[in-house]
Amino acid sequence: MVGACSVSWRLTLGGVSWRVHGRLSFWPCGTHRDVIFSKIKKMVAWGYVAVPDLCEAAEEADLLVFVVPHQFIGGLCEEMGGCVSAGARGITLIKGIHVGPEGLRLISDVIREKMGIDVSVLMGANIAKEVAAEKFSEATIGCRILENGLLFKELMQTPNFRITVVDDADTVEVCGALKNVVAVAAGFCDGLQWGDNTKAAVIRLGLMEMIASAKLFSKKDSISVDTFLESCGVADLITTCYGGRNRWVAEAFAKTGKSIEELEEEMLNGQKLQGPATSAGVHHLLQQKGLLHMFPLFTAVYQICYEKRPVQDMISCLQNHPLHK
């Protein structure tokens, strides 16, 4: 098994009791190499093999775990595309949407196309540091081939990390990406001190826009609303709107007036938030389809982050939301 991982989730996955026979290797991804390699001794103690060459790490791997910032996935897949066995299976924990010349695409679709393997997705209310601390958490695996989803559940589930498997991979993945956009709106609400009632409205209306958006991304004729009741849906949305970094930085944005880029540098050491970037991709799709008027919350987040719309205008998108008519 090989994992291409960022720092926090690599440590989290290392703390999970993987039931794997053979080599368990990882390829360290990211720009903060000093931080990454300071963790290697701990990873080796868990049974990992640190392999700096991506193709070498992936060679003859049966299972692949993708946990990298979503903007790196295209190049990463191209680099390792010819290195993995034909029967390899993958799972992605990446919460974002790929934006390229061909338009908006789910991360799992990018991996499938570039690597020719089946890919499941794992999403849910599972903040990495809490999973690593072995606090009880839930997750959802979405799959297209049930056998593969159940295999990853068997490998990853522990008494404190409980997993359900659903055959609705696209919806599970859309939930993981779009909840970050709603979390930005929740952070604006906190920064402006609008209170818990307003924040609850943001979460509810955001969930409704997530459900409507999932229909645009799904390759099925219909989606199952039940998927939104899994950990990947409403549970992850609540967790992210109260404890995630998208909310935290958006709150500072509303309080300080600094740009998202400035706050990313100050608060995240230059790492990029997924919420604003995802809102940009979704805005582009909705604009193409002439549907902006149906998604006022998503539209407001994009315009506030990128077009200098006053953050105080968030309230008008709530007051005039089409769901209230």
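This is a predicted model: local features need pLDDT of at least 70, side-chain atom pairs count only at pLDDT 80 or more; totals for chains, interfaces and linings use all residues.
**Group meeting talk: a buried asparagine and its surroundings**

Let me start with Asn246, which counts as buried because its relative accessibility is 5%, and buried here means under 20%.

Asn246 sits in helix 12, and if we set aside the residues within four places of it in sequence, Asn246 is in contact with Asn180, Ala183, Val184, Leu273, Gln274, Gly275 and Pro276. In UniProt, an unreviewed entry lists Asn246 together with Lys95 and Arg245 under the feature "binding site". Those three positions are spread over 152 residues of sequence, yet they cluster in space, with a largest C-alpha distance of 13.1 Å.

The unreviewed entry in UniProt also gives "binding site" for a set consisting of Phe72, Ala128, Arg245, Lys272 and Gln274, and I would like to take two of these in turn.

Arg245 belongs to helix 12, which covers residues 245-256. Is Arg245 buried, exposed or partly exposed? With a relative accessibility of 33%, Arg245 counts as partly exposed, because that class lies between the 20% and 50% limits. Beyond the residues up to four places away in sequence, Arg245 touches Leu268, Gln271, Lys272 and Leu273.

Gln274, by contrast, counts as buried, at 18% relative accessibility, and is found in helix 14, residues 274-289. Which residues does Gln274 contact, once its neighbours within four places in sequence are left aside? They are His70, Lys95, Asn180 and Asn246, and for Asn180 there is a polar contact between the two side chains, at 3.4 Å.

The secondary structure comes to 16 helices and 10 strands, and of the 325 residues in the protein, 55% are buried. Among contacts between residues at least 6 apart in sequence, 72% join residues that are at least 24 apart.

The largest nonpolar core has 56 residues, and those with the most contacts inside it are Phe188, Val202, Met210, Phe228, Leu297, Phe298 and Met314. Helix 9, running from residue 169 to residue 191, gives the most to this core, with 13 residues. As for Met314, its contacts, not counting residues up to four places away in sequence, are Ala185, Phe188, Trp194, Val202, Ala300 and Ile304. There is also a second, separate core, of 20 residues, which includes Leu64, Ile73, Cys83 and Ile94.

Among the buried residues of helix 15 are Leu297, Phe298, Ala300 and Ile304. What do the buried residues of helix 15 pack against? They pack against helix 9, helix 10, helix 12, helix 13, helix 14 and helix 16, and just after helix 15 the backbone of Lys308 takes a positive phi of about 60°.

Strand 9, residues 137-142, and strand 10, residues 161-166, run parallel and are joined by six bridges. The chain gets from strand 9 to strand 10 through helix 8, residues 146-156, and this β-α-β crossover is right-handed. Within the pair, Ile141 stands opposite Val165 in strand 10.

The loop residue is Asn126, which lies between strand 8 and helix 7 and counts as buried, at 4% relative accessibility. A polar atom of the Asn126 side chain lies 3.1 Å from the backbone oxygen of Glu138.

To close where I began, Asn246 is buried, and Gln274, one of its contacts, is buried as well, whereas Arg245 is partly exposed.

Methods. Residues are numbered from 1 along each chain as its sequence is written. Side-chain values use heavy atoms; hydrogens and water are left out. Two strands pair if DSSP finds at least two bridges between them. Helices (H or I, at least four residues) and strands (E, at least two) are DSSP runs, numbered from the N terminus. A crossover is right-handed if, with the strands pointing away from the viewer, the path from the first strand over the helix to the second runs clockwise. A nonpolar core is a set of buried Ala, Val, Leu, Ile, Met, Phe, Trp, Tyr and Cys residues joined through side-chain atoms within 4.5 Å. Buried means under 20% relative accessible area, exposed over 50%, partly exposed in between (1.4 Å probe, protein chains only). Contact means heavy atoms within 4.5 Å. UniProt positions are given in the numbering used here, feature names are shortened, and annotations may be inferred rather than shown by experiment. A polar contact is a pair of N or O atoms within 3.5 Å; within protein, one must be able to donate a hydrogen and the other to accept it, and residues adjacent in sequence count only if both atoms are side-chain atoms.
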